[in-house]
Amino acid sequence: MVMCLCRLGKDMIEVDLKGPQGNAFFLLGYAQELGKQLGYSKLAIEGIISEMKLSDYDHLCTTFEKHFGDYVCLKS
């Protein structure tokens with residue numbers, strides 16, 4: 001399971017992977033919303049979502065952290 005190497009600052013969001021926000025569908029939707037809020041292009045967001053879906057749940061979480069780890073800490 002992915003563990004956050006938390007750089008948890010006062011403005012960071014923490015997502016508990018063991019809770020309801022930890023399911024794959026929530027994380028995919030959250031990536032979509034964060035991408036929009038951060039000003040990513042539609043094509044960039046689609047690329048991130050596609051990358052997240054390439055493999056299993058661990059890969060999904062790792063990809064999420066790769067792209068949004070400066071803003072969100074995934075806690076397992």
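Q: How do the axes of α1 and α2 cross, and within what distance do they come?
A: This is a predicted model. In it, the axes of α1 and helix α2 (residues 42-52) come within 10 Å and cross at roughly 160°. Angles over 145 degrees count as roughly antiparallel, so α1 is roughly antiparallel to α2.

Q: Is that crossing left-handed or right-handed?
A: Right-handed, for α1 passing α2.

Q: Which residues make the contact?
A: On α1, the residues are Leu 27, Leu 28, Ala 31, Gln 32, Gly 35 and Lys 36. On α2, they are Ile 45, Ile 49 and Met 52.

Q: And by class, how many are nonpolar, polar or charged?
A: The contact of α1 with α2 has six nonpolar residues, two polar and one charged.

Q: OK, now α3. What about the axes of α1 and α3?
A: The axes of helix α1 (residues 24-37) and helix α3 (residues 57-68) come within 11 Å, crossing at roughly 20°. Since angles under 35 degrees count as roughly parallel, α1 is roughly parallel to α3. The crossing of these two helices is left-handed.

Q: Which residues are in that contact?
A: From α1 come Ala 24, Leu 27, Leu 28, Tyr 30, Ala 31, Leu 34 and Gly 35. From α3 come Tyr 57, Leu 60, Cys 61, Phe 64 and Phe 68.

Q: How many charged residues there?
A: None: the contact of α1 with α3 has eleven nonpolar residues, one polar and no charged ones.

Q: Switching to Thr 63. Where does it lie, and is it buried or exposed?
A: Thr 63 lies in helix α3. Its relative accessible area is 3%; buried means under 20%, so Thr 63 is buried.

Q: What is Thr 63 in contact with, leaving aside neighbours within four places in sequence?
A: Ile 48, Glu 51 and Met 52. Met 52 is also one of the α2 residues in the contact with α1.

Q: Zooming out, what pattern does the chain follow?
A: Along the sequence, the protein chain reads β-α-α-α-β, with three helices and two strands.

Q: How much of the chain is buried?
A: Buried residues are 34% of the 76 residues. The chain exposes about 4,800 Å², and carbon and sulfur atoms supply 57% of that.

Q: What share of the contacts is between residues 24 or more positions apart?
A: Among contacts with a separation of 6 or more, such residues account for 66%.

Note on methods. Residues numbered from 1 in each chain as written. Predicted model: local features only at pLDDT ≥ 70, side-chain atom pairs only at ≥ 80, totals over all residues. Heavy atoms only, no water. Helix = DSSP H or I, 4+ residues; strand = E, 2+ residues; numbered from the N terminus. Buried < 20%, exposed > 50% of the residue type's maximum accessible area, 1.4 Å probe, protein only. Contact = heavy atoms within 4.5 Å. Areas by Shrake-Rupley, 256 points an atom, 1.4 Å probe, with all protein chains shown as cover. Axes fitted to C-alpha atoms, helices over the stretch in contact; angles between N-to-C directions. Parallel < 35°, antiparallel > 145°, perpendicular 65-115°, else oblique. Left-handed = near helix turned anticlockwise from the far one by under 90°. Nonpolar A, V, L, I, M, F, W, Y, C, P; charged D, E, K, R; others polar.
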